[in-house]
Amino acid sequence: MACKNSLVVKQIIDLYDQISKLECLKPSKNVDTLFGQLVSTCLPTDTNIDVTKMSDEVKDMRSNLIKLCGEAEGYLEQHFSTILGSLPEDQNPLDHLNIFPYYSNYLKLGKLEYDLLSQHSSHVPSKIAFVGSGPMPLTSIVLAKFHLPNTTFHNFDIDSHANTLASSLVSRDQDLSKRMIFHTTDVLNATEGLDQYDVVFLAALVGMDKEAKVKAIEHLEKHMAPGAILMLRSAHALRAFLYPIVDSSDLKGFQLLTIYHPTDDVVNSVVIARKLGGSTTTGVNGTRGCMFMPCNCSKVHAIMNNRCKKMMIEEFSAIE
Ligand SMILES: C[S@@+](CC[C@H](N)C(=O)[O-])C[C@H]1O[C@@H](n2cnc3c(N)ncnc32)[C@H](O)[C@@H]1O
């Protein structure tokens, strides 16, 4: 296994070397090919690779690669959102989302996140905030179109151009033009009103390194309503070369409910937590730490802790 692991890491390093030399990360045949190869190299989950235990050199490469992937993802969304937004007036861009190369991944990710949310929510959320929605706010669109027909989605993005493109994407849709609202702000400056959302999503690309991710989570913990759900995206195994990892220890002030690692072509892992302080969230023995609740999906690692010290780590097998 060690030999196989080192071979695949070498392949990723080779792809990084080629990607880091690219003049521009905007979609092109070469860029698309390299990132396509990178994603397929990182998809396998049958490895015991832990990126946090690699050499400093590989860790540095990973943090640069995550940033390059994020930049390329932004350009890809911008590219296709511009094409869709320039369709003839009688065409609804939302009827042509399948031109986006990763649209089917978002359909699967949206279904997965909806299913996990349903397992942990006692009611249908009336308002959801999506932080880091982008030029192609596909998560909000997929949830609004296929899973939550009566929910309003407030999409936050630091980039005003992303919001301009995203708004024109939904503007011709009778339904979503009324249920998709856009706010241009850095999440760290969003204070007012974050406590009005039943559910807050934090995009994988908000907080591209551990420090920035934790800062965003801490900010949300400060301003979300007690008992509200936080949905995050993480990464597992080789996929952690593409996206930042969210650990349970990053979720102070939250009750960790589920960590789900897909094994198909849905790249992101899904982390769902509930802000402490609501009626059902005092921990065992009254502790107010990051608490684990029984999971009923895939294997997860549960960390029970009393604020700073880990009391135990348990692995829960799936509860059917
Ligand atoms: C490319 S999108 C990916 C999300 C994807 N469209 C979805 O629907 O799941 C990620 C977005 O996060 C935004 N972003 C990054 N840091 C942010 C921050 N601190 N506050 C708000 N938005 C941020 C970027 O501008 C980018 O448009």
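1. Basis. The model is predicted, with local features needing pLDDT of at least 70 and side-chain atom pairs counting only at pLDDT 80 or more, while totals for chains, interfaces and linings use all residues. Residues are numbered from 1 along each chain as its sequence is written, and side-chain values use heavy atoms, with hydrogens and water left out.

2. Ligand shell. There are 21 residues around the ligand, of which Glu77, Ser133, Thr139, Asp157 and Arg233 come nearest; a residue is near a molecule if one of its heavy atoms lies within 4 Å of it. The shell divides into 10 nonpolar, five polar and six charged residues. In this division Ala, Val, Leu, Ile, Met, Phe, Trp, Tyr, Cys and Pro are nonpolar, Asp, Glu, Lys and Arg are charged, and the others, Gly among them, are polar. Helix 3 (56-85) and helix 5 (138-147) each supply at least two residues of the shell. Helices (H or I, at least four residues) and strands (E, at least two) are DSSP runs, numbered from the N terminus.

3. An N or O atom in the side chain of Glu77 is 2.8 Å from a nitrogen atom of the ligand. The side chain of Asp186 has an N or O atom 3.0 Å from a ligand nitrogen. With Ile158 the atom is a backbone N or O, lying 3.1 Å from a nitrogen of the ligand. Of the 600 Å² of accessible area that the ligand has on its own, the protein covers 88%. Areas come from the Shrake-Rupley method with a 1.4 Å probe; for residues, only the protein chains shown count as cover.

4. Nonpolar cores. A nonpolar core is a set of buried Ala, Val, Leu, Ile, Met, Phe, Trp, Tyr and Cys residues joined through side-chain atoms within 4.5 Å. Buried means under 20% relative accessible area, exposed over 50%, and partly exposed in between (1.4 Å probe, protein chains only). The largest core has 62 residues, and Leu202, Leu230 and Leu251 have the most contacts inside it. Helix 4 (residues 103-120) gives the most to this core, with six residues. Another core lies apart from it, with 30 residues, among them Leu15, Leu34, Leu38 and Ala204.

5. Strand 1 (residues 127-131) and strand 2 run parallel, joined by five bridges; two strands pair if DSSP finds at least two bridges between them. Asn155 in strand 2 is the bridge partner of Phe130. Five of the six residues of strand 2 (residues 152-157) are buried. Helix 5 is mostly covered too, with eight of its 10 residues buried; among them are Leu138, Thr139, Ile141 and His147.

6. Strand 7. Seven of the seven residues of strand 7 (residues 269-275) are buried. In a regular strand the side chains alternate between the two faces of the sheet. Here both faces are covered, with Ser269, Val271, Ala273 and Lys275 on one side and Val270, Ile272 and Arg274 on the other. Strand 7 pairs with strand 5 in the antiparallel sense over six bridges, and Val270 is the bridge partner of Arg233. The pairing of strand 6 with strand 7 is antiparallel over six bridges, and there Leu256 has Ala273 as its bridge partner.

7. Buried loop residues. Asn92 lies in the loop between helix 3 and helix 4 and counts as buried because its relative accessibility is 13%. A polar atom of its side chain is 2.9 Å from the backbone nitrogen of Leu94. Ala237, in the loop between strand 5 (229-234) and strand 6 (254-260), has a positive phi of about 55° although it is not a glycine. Ala237 counts as buried because its relative accessibility is 9%.

8. Exposed lysines. Lys21 lies in the loop between helix 1 (2-20) and helix 2 (29-42) and counts as exposed at 64% relative accessibility. The C-alpha atoms of Lys21 and Ser167 are separated by 34 Å. Lys222, in helix 8 (residues 210-223), is exposed with a relative accessible area of 65%. Lys222 and Val58 are 164 residues apart in sequence and 34 Å apart in space, C-alpha to C-alpha.

Definitions and conventions:
A polar contact is a pair of N or O atoms within 3.5 Å; within protein, one must be able to donate a hydrogen and the other to accept it, and residues adjacent in sequence count only if both atoms are side-chain atoms.
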